[in-house]
Amino acid sequence: MDTLSHAELLAKPCVVFAEGCFGLFTSKVAASFLRYRPENCLAVIDSTQAGKRVQDVIGWGGDIPIVKDIESALALKPEVLVIGKGLHSAQLPPEWKAPIKTAMLNGLHIINCIHFRLRSDPDLARAADQTGITIWETKEPVPLELNKARVLELSCFVAHTCGSDSNIGKKTTALEITREATRRGIATGFAATGQSGMMISGTGIVVDCIPSDFVAGAAEKAVLDAAEGNDWVVLEGQGSLNHIGASGIALAMLHGGLPHALVFCHRLGLERTKVWNTPLRPIPELIRLNEQLTVFERPAKVVAISVNSAGFSDADYRAQVKQLEAETGLPVVDPCREGAGILVDALQAYQRSLQQREQLAEA
């Protein structure tokens, strides 16, 4: 059987594997995939929530059912199994092996979103060979060059989503900005840098599988690729400068992507980083940190704040937005609650200010 392309895999009916972890923040890959590509999903596998609808658990996805096991999912005739949970580990959870093998033996192609390479397990390799399926290892590194600051040569405007922690909405914000800018007639490219963004857009690079010397080069390539035929590029952010496990990747994104403008992302109510449980610094301080660490050749400014307000009532959300706007002097919005119009307004205004400065400098 011929190896299927990423686009071909994404076009097929699928089931999402999120055993024991399906949720808005506990299975980020699954939640993101189902927000932007629900049309081909037949079911989610999670025995702890079987019988519910996806909508009941994450707030979108409609009537897509949650089923108890791979056997129940197979009855729906899927062609692809999406492993919808990223792991902070390079190991395959032992309890995942049997359902993945069953999916393979039943002819399901696999989109694998964990660092463990499925073919490194002899049993899984044999099962894949037996049925001739395609395995898309989203974490497989790609050949890259060092960052050469080629983004500075582009004529397009580059925006980048940074933030206060991991898993707070940097990808979603970037996608919503891309949607709104495109709706306004701005030719906009989305530069995916994680497996969820790549599975949604079908293009991009997963930077957390790239050797450290080449992460900035990966961000550069993602921007260069997304810039083709576009006037704007929105670079998906990763990690955060204050995250003790993911600060390096956030800095490399700033230096490789060379954005003109930043949109700062934050989850309302967050007081400590989720994975490492370190205290969160004040938002104005984190904004200044991101601005100060952009490069001298292109100093970027935070022009707006995108918040994740999941779980907040409208009244509490409004109060939090008002407080954050007062603290920072920046416009604040949850793009999933109110749309990304405010964010695109701020980016357009900043782009105009840069153009005016250039005109004055040339005069």
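Does Gln351 count as buried or exposed, and what is the relative accessibility behind that label? At 18% relative accessibility, Gln351 counts as buried. Here buried means under 20% relative accessible area, exposed means over 50%, and partly exposed lies in between (1.4 Å probe, protein chains only).

This is a predicted model: local features need pLDDT of at least 70, side-chain atom pairs count only at pLDDT 80 or more, and totals for chains, interfaces and linings use all residues. Residues are numbered from 1 along each chain as its sequence is written, and side-chain values use heavy atoms, with hydrogens and water left out.

Stay with Gln351 for a moment. Gln351 sits in helix α14, residues 341-362. Helices (H or I, at least four residues) and strands (E, at least two) are DSSP runs, numbered from the N terminus. Setting aside its neighbours within four places in sequence, Gln351 is in contact with Phe157 and Trp232. Contact means heavy atoms within 4.5 Å. Now look for Ala261. Gln351 and Ala261 are 90 residues apart along the chain, yet their C-alpha atoms are separated by 8.2 Å.

Next, a pair of helices. Helix α5 covers residues 94-105 and helix α6 covers residues 122-131; their axes come within 8 Å and cross at roughly 15 degrees. Axes are lines fitted to C-alpha atoms, for helices over the stretch in contact, and angles run from 0 to 180 degrees between N-to-C directions. The two helices are therefore roughly parallel to each other. Angles under 35 degrees count as roughly parallel, over 145 as roughly antiparallel, 65 to 115 as roughly perpendicular and the rest as oblique. On the α5 side, the contact is made by Lys97, Ile100, Lys101, Met104 and Leu105. On the α6 side, Asp123, Leu124, Ala127, Ala128, Gln130 and Thr131 take part.

Lys97 and Asp123 also belong to a network of salt bridges, together with Asp121 and Arg126. A salt bridge is a side-chain nitrogen of Lys or Arg within 4 Å of a carboxyl oxygen of Asp or Glu. How many salt bridges does this rule give? The count comes to 21.

Glu79 bridges to Lys12, with the closest N and O atoms 3.1 Å apart. Glu79 lies in the loop between α4 and β4, and Lys12 in the loop between α1 (6-10) and β1 (14-17), so the pair ties together parts that are 67 residues apart in sequence. Glu79 is partly exposed at 34%, and Lys12 is partly exposed at 22%.

Arg119 and Asp129 meet at 2.8 Å, N to O. Arg119 lies in the loop between β5 (109-112) and α6, while Asp129 is in helix α6, so this bridge ties together parts ten residues apart in sequence. Asp129 is exposed at 53%, and Arg119 is partly exposed at 42%.

Glu338 and Arg318 form another salt bridge, at 2.9 Å from N to O. Glu338 is in helix α13 (residues 335-338) and Arg318 in helix α12 (residues 314-328), so parts 20 residues apart in sequence are tied together.

Finally, check the backbone. Most residues other than glycine have a negative phi. Lys77 is not a glycine, but has a positive phi of about 65 degrees. Lys77 lies in the loop between α4 (70-74) and β4 (80-83) and is exposed, at 65%. Asn167 also has a positive phi, near 55 degrees. Asn167 is in the loop between β7 (157-163) and α7 (170-183), and is buried at 18%.
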